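Trainee: Could you walk me through this structure before I get lost in it?
Mentor: Gladly, let us look at it together.

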Amino acid sequence: MPSFSPAPAEYLQSLFYQSPNPLLILDAGGVVRLVNPAAERILGRPLEALCGTPLAFACEPGKTIEQWVVRPDGVQALCEVHTAAIHLQGEACFLVTLHDITTHKELLHALEESEKRFRILIDFTYDWEYWLSPNGDLLYVSNACKRITGYAAEEFMSDPLLFERIIHPEDRKRVLAHVAEELEYYNLSSIDFRIVTRDGHIHWVNSQSRPVFDAQKGYLGRRFSNREITDRKKTEIKLLETEQRFRSFIEQSQDGMFLVDVNGNVIVWNRAQEDISGLKSEAVLGHPLWEVRAEYLGEDDVTGLQSQKGKEKLLAVLKSGSGDLLGRLWEIELPALLRGPVESGMRFIQERYFCIPTERGYQIGCIVRDISEEKNAQSALQQMNLELEARVATRTRQLTEEIGARKTVEQQLSRRLQHERIVAEISAHFIRNDEFGTAVGAVLQLLGSLTGAKRILFYAAQEYGGTFVCTHIWQQGLFTTRLKQTSQMAAQALPSCLLPLKTGQRMYLKGDELQRLPKDFFGAALHNEEKPNNLLFQPINAYLHFADSPGIVGFLAFEEIALNLEEGTEEIGLLEVAAQMIAAAMERSRFMEMLEQRVRDRTRELEALYEVAAMTIRSLGVDEILQMSLEKMMDVMGSATGFVHLLAKDGRTFYLAQQCNVPPAALEAIRVLVWEDSPLGKVYGRFDPLLISDLGADSGWPADLYCRYPAYIGVPMRIGGQLLGVFSLLQENVAQLKLEQLTLLSAIADQVAAALESARLREHAQEAAVMEERHRLARELHDSITQYLYSLTLLTRGWQRKLREASGDEVAYWLERAGSIANQALKEMRLLLYNLRSHTLEQDGLVGALRRRLEAVEGRVEIKTLLQVDEDLEIPAWIESELYGIAQEALNNILKHAEATRVEIHLRKQTGAVVLEISDNGNGFNPAALGEDGRLGITSMRERAKKLGSQLVIDSRAGKGTRVKVHVRL
């Protein structure tokens with residue numbers, strides 16, 4: 001092996017003085033012997049001043065401590081001091097190494113303060129924040145999660161799958177896939193999904209996430225910020241439904257339509273506009289209007305919107321909501337590429353722009369109509385005029401006739417144009433006005449200008465019945481009056497002379513024909529004014545035809561119309577078109593009202609079923625379940641009287657279980673019913689709901705019951721093919737009862753039947769538990785106390801035979817044995833009585849439960865007890881439960897087998913552990929003789945100790961008592 005020689009002294013001295021670490025050599029008394037320059041700098045004193053100066057360092061050799069060093073200038077430095085024992089020139093000394101850690105400590109303190117401020121900021125943020133590691137592990141959850149989900153942050157940290165479970169089942173797969181994808185990429189992301197809160201409510205949540213990096217750009221996972229957006233989502237859904245209805249109407253329109261948003265971009269371009277412009281909506285939507293018009297109209301656009309000035313004009317209208325672009329009819333000749341075949345002639349369109357106010361500004365809409373036919377006719381007419389003018393000199397008479405014909409054509413064309421304008425304006429009114437009544441008022445004014453009528457009355461059918469009510473009156477020189485349905489405007493049936501209206505036949509009355517109308521037919525509407533000279537009745541035929549729909553839904557009455565019915569066929573046709581448009585609007589309005597009413601009815605029915613289902617799952621009594629269910633049924637059906645009968649065990653008799661508002665005179669008559677003699681028997685036989693329109697026809701019911709409400713509804717309570725009872729409701733009639741209502745009543749009755757069956761099963765279970773407890777007590781008494789008492793009886797009979805011949809010692813022996821048996825029987829009885837009481841571990845804790853046990857059992861059979869517990873002892877609940885089981889089993893063994901007179905229980909705390917020790921001064925036993933399994937009680941104690949991660953220690957010897965000990969780490 002190689003040998004090493006010690007380093008020269010010069011080498012060690014050079015190493016000492018040139019070391020960058022401060023070094024000092026102290027003698028055994030702590031006086032400085034040597035100091036290197038690095039120590040001079042940290043101590044702030046020169047070498048000459050340090051040498052020979054005593055310095056006190058509290059570090060033992062071989063250990064490192066932190067110690068403050070004060071310089072002469074008052075500056076303090078925190079140093080790590082390490083001391084090593086050395087020999088210098090044969091003398092025992094100490095080598096002290098100093099390391100300045102002042103800056104390091106300051107940085108650590110600043111880091112702790114920064115982390116504390118960050119923690120406070122995150123914990124009190126409004127949004128629900130959490131942090132996932134790159135592996136998907138949950139690292140942090142903010143306290144705001146409880147406000148949004150109902151679950152605390154600790155619950156999310158202790159249960160990593162809680163977040164997955166609260167996601168709505170329909171969104172769970174999508175959200176988990178989104179989160180998994182986010183952990184693989186570093187981009188920002190957002191997702192909306194639903195969660196189910198602790199109380200069962202469904203909330204919408206928006207989750208924003210971003211990657212988290214450290215200072216060295218190392219990926220630390222993703223941070224998620226969740227915000228509740230339930231109200232916003234509900235609003236978006238309503239807006240989407242409204243927009244879908246609007247778009248459906250736009251797409252079905254025969255006129256071209258487009259809409260421009262507040263920035264001038266096209267957002268709607270319907271099919272009719274695609275046909276007119278030749279541009280598909282996919283190529284137009286999202287582009288500025290001026291670019292779109294320049295693409296298919298070019299310089300032929302008379303509005304000028306395709307130019308820079310037109311762009312500025314359009315933006316000004318979008319900003320202010322006004323301008324010369326609005327309210328005008330623009331006629332545009334389409335370019336050659338859009339004109340089609342030459343034989344079709346020139347194509348023209350007509351545009352009318354209107355403004356739509358929104359929250360962010362104004363939008364512009366436009367209705368586009370193809371007026372090529374009218375324009376081509378006008379063009380042909382102009383050409384005809386030129387030809388006629390060339391022949392004026394030679395054919396004056398023919399020219400005059402042709403001029404007359406031209407004027408006629410011009411009048412027809414003008415009238416047709418006026419009619420088309422009226423139709424367009426009627427359509428626009430129904431489009432712009434969501435409220436039907438407002439649109440009707442504007443339409444009557446247009447029809448008044450067309451027909452020259454003095455007054456127009458609008459009658460609407462009442463719920464598709466045979467009666468009509470006047471809702472609007474238009475009069476020349478006045479605004480349209482919208483009437484209210486007061487007592488003076490009650491609905492009226494059509495008189496016999498107007499019955500042809502119901503078949504859709506137009507009627508015109510004048511002169512004597514008006515006398516057939518009742519005097520008061522127009523009285524309420526016209527305030528008893530004089531009858532008109534003539535009346536034109538235009539029926540409004542039903543727009544949608546169903547099996548039960550009527551012929552008409554209303555009619556228009558024109559007073560003193562100025563049209564010639566023979567010559568004004570076009571005007572009459574226009575009236576029919578207007579009536580059809582009014583019918584379509586009425587049907588749409590009524591259909592929406594009917595749909596909304598059905599939604600409200602369905603919601604109310606589902607709420608009722610949910611309330612009954614929620615009620616039945618609670619642990620309520622039978623009477624309470626029946627009373628609440630009966631009230632809910634009566635509320636759903638609007639019934640004022642109701643009662644419930646349950647079927648008796650004989651299967652034939654119904655007895656009254658609950659009633660509401662049953663007249664006292666009829667109460668006794670329905671208290672007990674036999675199914676063969678009452679409508680309940682019909683329900684029993686049908687096993688389905690029973691409807692009776694006239695309960696008086698059935699002799700099984702008292703007249704006081706149905707005198708006010710003659711109609712009857714019987715709903716069976718069914719479960720497993722058996723009938724438990726019948727709900728009975730009394731109403732005015734059942735003619736309007738719907739299948740959905742009967743289905744709802746049956747569902748409620750079946751829910752109640754299930755609840756009644758559950759209540760009966762609970763009662764049977766409770767009775768079975770009581771019988772089982774009685775049998776157990778009988779076994780306990782037979783196996784313990786009965787045997788002791790029987791032994792005591794046998795001993796007593798033996799004494800009677802031996803007392804005469806026995807000595808005093810023998811008597812004392814037998815008396816002592818009898819007392820021992822009686823005392824043991826008393827112990828067993830005390831233990832049995834204690835076990836019959838409810839356990840108090842949950843209320844009193846381990847110490848309280850042990851104290852009660854010692855007082856109730858051992859203390860009453862003359863056994864001295866001692867319970868000693870250390871102060872400030874805190875034990876988790878699950879450990880307390882197992883320790884109490886061990887202690888209770890040990891006390892039972894002492895009571896039954898040890899014949900002890902003293903028992904001690906010690907509960908002590910040690911470093912990170914708790915010790916339970918139970919000892920007695922009884923007979924004792926040999927634990928080794930029991931074998932590995934031991935007796936049942938000892939086996940139970942060992943299993944409990946094993947659950948606590950400990951072992952049961954038993955120290956016992958015959959005649960020396962027993963000590964049981966268990967040591968549990970906390």
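Mentor: We will talk about a sheet and then about a serine.
Mentor: This is a predicted model, in which local features need pLDDT of at least 70 and side-chain atom pairs count only at pLDDT 80 or more, while totals for chains, interfaces and linings use all residues. Residues are numbered from 1 along each chain as its sequence is written, and side-chain values use heavy atoms, with hydrogens and water left out.

Trainee: In what order do the 6 strands of the open sheet come?
Mentor: The order is 25-24-23-28-27-26, with antiparallel pairing, where strands are DSSP runs of E with at least two residues, numbered from the N terminus, and two strands pair if DSSP finds at least two bridges between them.

Trainee: Which are the edge strands?
Mentor: They are strand 25 (672-674) and strand 26 (690-692), each of which pairs on one side only.

Trainee: And how many bridges join strand 23 and strand 28?
Mentor: Strand 23 (residues 641-647) and strand 28 (residues 722-731) pair in the antiparallel sense over 6 bridges, and glycine 642 stands opposite leucine 729 of strand 28.

Trainee: New topic: where is serine 639?
Mentor: Serine 639 lies in the loop between helix 19 (622-637) and strand 23, helices being DSSP runs of H or I with at least four residues.

Trainee: Why does serine 639 count as buried?
Mentor: Serine 639 counts as buried because its relative accessibility is 10%, and buried means under 20% relative accessible area (1.4 Å probe, protein chains only).

Trainee: Which residues is serine 639 in contact with, leaving aside neighbours within four places in sequence?
Mentor: They are Met634, Leu729, Leu730 and Gln731, contact meaning heavy atoms within 4.5 Å.

Terms used. Buried < 20%, exposed > 50% of the residue type's maximum accessible area, 1.4 Å probe, protein only.
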